[in-house]
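Hello,

Here is the structure I promised to pass on.

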Amino acid sequence: MPTINITSVLVDDQAKALAFYTDILGFVKKTDIDLGAYRWLTVVSPQQPDGVELLLEPDAHPAAATFKAALRADSMAFTSFAVDDLGQVYDDLRSKGVTFIQPPTPAGGVTMAVLDDTCGNFIALTSPVSLAEPAAEAAPAS
């Protein structure tokens, strides 16, 4: 059975992306290999240093600009990261100057907020809805 070991996010500037994903989001650099014009540059969660790597992939392919623009036009997140306490993370990231296009909002079994990663992507942050939180009631049918 396959397992996920690397996934990627398309970035417009690898150095800027590395700074955002490490200094702001708190990931740590795992791999940095010079490939000439670009780098094989990955980050990981500090809680899972041998876990899934996030490749900060250059968005140099011509289709990448169209794809990213379409997602941004529709305010769609490129990918999603889990956090334990979204309220705390949201406040912390806002204090660091991070722009959110969506504040923490209930979305099924999670609460979700969406941020701008400064590298051309919207990224969702999610945390599970606490069992102590009351579930939103559906509107009565008419």
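Let me start with a spot in a loop: S75 sits between α2 (62-73) and β5 (79-82). Helices (H or I, at least four residues) and strands (E, at least two) are DSSP runs, numbered from the N terminus. S75 has a positive phi of about 55° although it is not a glycine. Most residues other than glycine have a negative phi. S75 is partly exposed, at a relative accessible area of 47%; the cut-offs are under 20% for buried, over 50% for exposed and partly exposed in between, with a 1.4 Å probe and protein chains only.

Before going further, please keep in mind that this is a predicted model, in which local features need pLDDT of at least 70 and side-chain atom pairs count only at pLDDT 80 or more, while totals for chains, interfaces and linings use all residues. Residues are numbered from 1 along each chain as its sequence is written, and side-chain values use heavy atoms, with hydrogens and water left out.

How confident is the predictor? The protein averages a pLDDT (the predictor's confidence in each residue, from 0 to 100) of 92, and 91% of the residues score at least 70. Over residues 133-139, however, the pLDDT is below 50, and this stretch has zero contacts (heavy atoms within 4.5 Å) beyond near neighbours in sequence. Where pLDDT is low, the predicted coordinates should not be read in detail.

Next, the sheet. Four strands form an open sheet in the order β1-β4-β3-β2, with mixed pairing; two strands pair if DSSP finds at least two bridges between them. β1 (6-11) and β2 (28-34) stand at the edges with a single partner strand each, so one side of each has no neighbour in the sheet. From one strand to the next, the twist averages 25°. Strands β3 (residues 39-44) and β4 (residues 53-58) run antiparallel and are joined by two bridges; V43 has L54 in β4 as its bridge partner.

Helix α1 (residues 14-24) packs on this sheet, touching β1, β2, β3 and β4, and its direction makes about 10° with that of β3. Such angles run from 0 to 180 degrees between N-to-C directions, with axes as lines fitted to C-alpha atoms, for helices over the stretch in contact. D13 caps the N-terminal end of α1, with a side-chain oxygen 3.0 Å from the backbone nitrogen of A15. Buried residues of α1 include A17, L18, F20 and Y21. Just after the helix, G26 takes a positive phi of about 95°.

Leaving out residues up to four places away in sequence, L56 touches several others, among them V9, A17, Y21 and L41.

Finally, the loop between β7 (110-116) and β8 (122-128) holds T118, which has a positive phi of about 70° although it is not a glycine. T118 is partly exposed at 41%. The N121 side chain reaches the backbone oxygen of L10 at 2.7 Å.

Best wishes

Note on methods: A polar contact is a pair of N or O atoms within 3.5 Å; within protein, one must be able to donate a hydrogen and the other to accept it, and residues adjacent in sequence count only if both atoms are side-chain atoms.
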